[in-house]
Structure formats: C-alpha cells, structure tokens
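Hello,

Here is the structure I promised to pass on.

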Amino acid sequence: MQDKQNIAADAVDNDNIDATVAEQAVEQELSAEQRIAALDAEVAELKDALLRARADLENQRRRGQEDVAAAHKYAISKFAGELVSVKDYLEMALLDQSGQIDTLKMGVDMTLKQLVSAFDKAQIKDIAPQTGDKLDPHQHQAMSAEEADAEPNTIVRVMQKGYQISDRVLRPAMVVVAKAKA
C-alpha cells in the first residue's frame, strides 16, 4: 500500500511538474509572440522613419534644384538693372536736338562713366594689351601677322580690346602680332 501511495504521490508531483512545464511553455510562447509583436512594431517604425528620411532628402534635392534654377535665371538681374540707366542716357542723347557738340560729348562721357561703373560692379574688366606684350592665347586672338622689328609673336597693334569677367574671358582682345622678317 505504501507503494501505491508513493506512486500516487509521484503522479501528483508529476502532474505538478507537468503543469509547471506547461505554464512555462505557455509563458515562453507568449513571450515569443510578444517579442515577435514588438519586433514587428519596431520594423514598422523603422520603415516609416526610412520613408520619411527619403521624402525629406527628395524635398531637399528638389529645393536645391529650384534654387540653382532661380540663381541661373535671375543672376543677371543686378547687372541688367545697372544697364537700364545707361540705355536711358543714350536715348536722351539721341533725343537732344540742340546741335551742341560739347553737350553731346558730355552726355556720352557721362554714359560711358555709368557703363564703366556697371562693369566694375559686375567684375567685368578690360583686356587691353600693350604694344610689345607677348601674345597670350588665353586672352588675345591674333587676327593677322605682319613683319615688324619686334620679336615674333609680340603684339604690334590692338584692333579691339577684350573683356573678362572674374577670371573667365568674355571676349579676347583682337591683336596684330609680329612675324619674323622673310
């Protein structure tokens, strides 16, 4: 009988152990499901953050392109504003019917000063080589060559001044260069 009681006690203990194991398995299953749910939520949150970051980057790129386009479109507006007054002075000079050459010369001189001022503000500088200077193909364009006492490829005469804006040549100076005597 003792054996039956021991077996019954062992069965109760085994049932308790089985119940505990079953409870732990359920808890592990729940905790695994909770972890999966938590990880799914984190993945969804990261996807949302990625989409927002991509949208923000795209917006910044688009705004940058619009800023560059506006800069290109309106970059000349400041210089054009300076030239408007030069045009006004030239039109006034043409309307002058007084026939006084000195007045006309003074008006043209004022117009030239206004234009030079506009060029200075826009950083447009003259390329005005001197006779005897060496030909610089980056700033000068040799229109012809003529025999002269000067060293070959030196400037003999300037036909037309050139211009540069900052360090870029707008128009090279047109020059005549010396060539060796035949």
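Below are some notes on the aromatic rings and on one alanine.

Please keep in mind that this is a predicted model, in which local features need pLDDT of at least 70 and side-chain atom pairs count only at pLDDT 80 or more, while totals for chains, interfaces and linings use all residues. Residues are numbered from 1 along each chain as its sequence is written, and side-chain values use heavy atoms, with hydrogens and water left out.

The structure has 2 aromatic pairs (ring centres of Phe, Tyr or Trp, the latter by its six-membered ring, within 6.5 Å; planes under 30 degrees apart are stacked, over 60 edge-to-face, the rest tilted). Phe-79 and Phe-119 make a tilted pair, with centres 6.2 Å apart and planes at 35°. Phe-79 sits in helix 2 (residues 77–95) and Phe-119 in helix 3 (residues 101–121), so this pair ties together parts that are 40 residues apart in sequence. (Helices are DSSP runs of H or I with at least four residues, strands runs of E with at least two, numbered from the N terminus.) Phe-119 also pairs edge-to-face with Tyr-163, at 5.9 Å centre to centre and 80° between the planes. Phe-79, Phe-119 and Tyr-163 form one aromatic cluster.

Now the alanine: Ala-178 lies in strand 6 (residues 173–179). Ala-178 is buried, at 2% relative accessible area (buried is under 20%, exposed over 50%, partly exposed in between, with a 1.4 Å probe and protein chains only). The C-alpha atoms of Ala-178 and Glu-146 are 5.2 Å apart, although 32 residues separate them along the chain.

Best wishes
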